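Student: Can we go through this structure together? I would like to start with how it is divided up.

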Amino acid sequence: MSPSQKKRFAIVSLIIAGVGVATFFSIMAMQSSFEYFKTPTEIKTEGFDAKQTYKLAGIVRKGSVFRLNDGVTQRFDITDCENDITIQYTGILPDLFREGQAIVTIGKFNNEPMLIASQVLAKHDENYVPNEAADAVMLQQANKCNDTDGPVKY
Amino acid sequence: MNPITIIWNFLSNTYHRLGSPREFYTISRYTTPVFGALFLVLSLIGTYFGLFVAPADYQQGDSFRILFVHVPVAWMSLFVYVVMATAGAIGLIWRMKMAFVVTICSAPIGAAFTALALMTGSIWGKPIWGTYWVWDARLTSELILLFLYFGIMAVYYAFEDRKTAEKATALLSVVGVVIVPIIHYSVEWWSSLHQGVTVFAEGGPKMPPEMLLPLAFMAFGFMFFYGYALFLSMQNKVLDNERKSGWVRALVNNKEQQS
């Protein structure tokens, strides 16, 4: 490399390094605002503000889903296998909703405390499984919390 | 001479020949159709195996098959950016004409890949997640990438002088490369609605081989499509950039005599 090329190489490297460092620090400063949802354990330890809207994700607790007498409101618990939070939702649940499925619920807490969800989204995970193994995988997912005691990732 | 030296000399020779607009034009006349043919063959095989041979997913049924387009184009949206920024850096440091051409011609192709990734993901999201769009880290950073591509294209056309335009475009693409690791790691660093890594997951792909194989065909197919589209666009750009030089004039005159 000629001296002028070396100089330009240094300048370009410095720009990349500078932008990288600046981005790193801004990301570190805004870390929590990049999170899409909170887990039941985070709510239990941090508490909640009744005025704020929360995005809360967890696994649908086996055997917790039931329908209220009005016929359109469902109530169920979501869990990270350590803490549970009860969700109430009026409306049509996503097709993937079932026991053991990770879901994201969006809504506000009431005093019980229970999250009154305005939206329920299914959180599809990174696993792809052929159809014939469906029953086995779904059973394993529904019983996920039996095998672990700590909080699980989803 | 040992084989490594021969290969190295061949590669270095090709690299330097491609650095000359005229040589590039000659070489690309032969390689471009090859890329196009490889794209067609690989993607047709991938489409057949993806639509008819791969089994349906246990919970998504047949709608999972959109991943055979979504995943390759999303990978390409990042791959094209890395190529574009690397070419930009080479152009800035070594003042190589052809490197700038690579950067400028890659931007619209990368933007198209990014837009396709966002659209296919959105179409898939409605039946699976229950929503077309959420502002989670992965989706938002990919959207920023789309606007970055648009910005790079806009910067090039904002300058009257081509040399200034080329340098400004290259600089913006180099600066923007910081988005690539953010998009890639967004699903690991933060909680998101978008799922985590499947194919390059720790401990191997979380997908059976009969789904992985068509995905691989599609991924390589789209890579050749990039090569094909890039070289076509570069041929055009080279002719436009060099329109005052002797060889382009001779080329045009020959074409006129033939017709």
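Tutor: Domain bounds here come from an automatic or database domain assignment. For chain A that assignment gives domain 1 (3-33) and domain 2 (35-147).

Student: How many Å separate the centres of domain 1 and domain 2 of chain A?

Tutor: The centres, taken over C-alpha atoms, are separated by 41 Å. Before going on, note that this is a predicted model, in which local features need pLDDT of at least 70, side-chain atom pairs count only at pLDDT 80 or more, and totals for chains, interfaces and linings use all residues. Residues are numbered from 1 along each chain as its sequence is written, and chains are lettered from A and ligands numbered from 1 in the order in which they are written.

Student: What does chain B average in pLDDT?

Tutor: Chain B averages 95, and 100% of its residues score at least 70. pLDDT is the predictor's confidence in each residue, from 0 to 100. The model as a whole scores ipTM 0.91 and pTM 0.93.

Student: How many helices and strands are in chain B?

Tutor: Chain B has nine helices and zero strands. Helices (H or I, at least four residues) and strands (E, at least two) are DSSP runs, numbered from the N terminus. The C-alpha trace of chain B spans about 60 × 45 × 35 Å along its principal axes.

Student: Which residues make up helix 1 of chain B, and how far does it reach?

Tutor: Helix 1 of chain B covers residues 3-18, which is 16 residues, and reaches 22 Å from its first C-alpha to its last. That is close to the 22 Å expected at 1.5 Å a residue; the expected span is 1.5 Å times one less than the number of residues.

Student: Is helix 1 of chain B largely in the open or buried?

Tutor: Helix 1 of chain B lies largely in the open, because the number of its 16 residues that are buried is zero. A residue is buried if 20 or more other C-beta atoms lie within 10 Å of its own, exposed if 12 or fewer, and partly exposed in between, with C-beta atoms placed from the backbone. Over chain B, buried residues make up 37% of the 259 residues.

Student: Then how many residues are in the largest nonpolar core?

Tutor: The largest nonpolar core has 58 residues, and Val101(B) and Tyr226(B) have the most contacts inside it. Such a core is a set of buried Ala, Val, Leu, Ile, Met, Phe, Trp, Tyr and Cys residues joined through C-beta atoms within 7 Å.

Student: Which helix gives the largest share of this core?

Tutor: Helix 3 of chain B does, with 15 residues.

Student: What is Tyr226(B) in contact with?

Tutor: Leaving aside neighbours within four places in sequence, Tyr226(B) is in contact with Met76(B), Val80(B) and Ile109(B). Two residues are in contact if their C-beta atoms, placed from the backbone, lie within 7 Å. Another core, of 28 residues, lies apart from the largest one, and its members include Tyr89(A), Val104(A), Trp129(B) and Leu193(B).

Student: New topic. How many residues does each chain give to the contact?

Tutor: Chain B gives 34 residues and chain A gives 33. On the side of chain B that touches chain A, helix 3 of chain B gives the most, with four residues. By class, that side has 23 nonpolar, eight polar and three charged residues. Here Ala, Val, Leu, Ile, Met, Phe, Trp, Tyr, Cys and Pro count as nonpolar, Asp, Glu, Lys and Arg as charged, and the others, Gly among them, as polar.

Student: Is Arg95(B) buried or partly exposed?

Tutor: Arg95(B) is partly exposed, since it has 15 other C-beta atoms within 10 Å. Arg95(B) also has a positive phi, of about 50°, although it is not a glycine, and lies in the loop between helix 3 and helix 4 of chain B.
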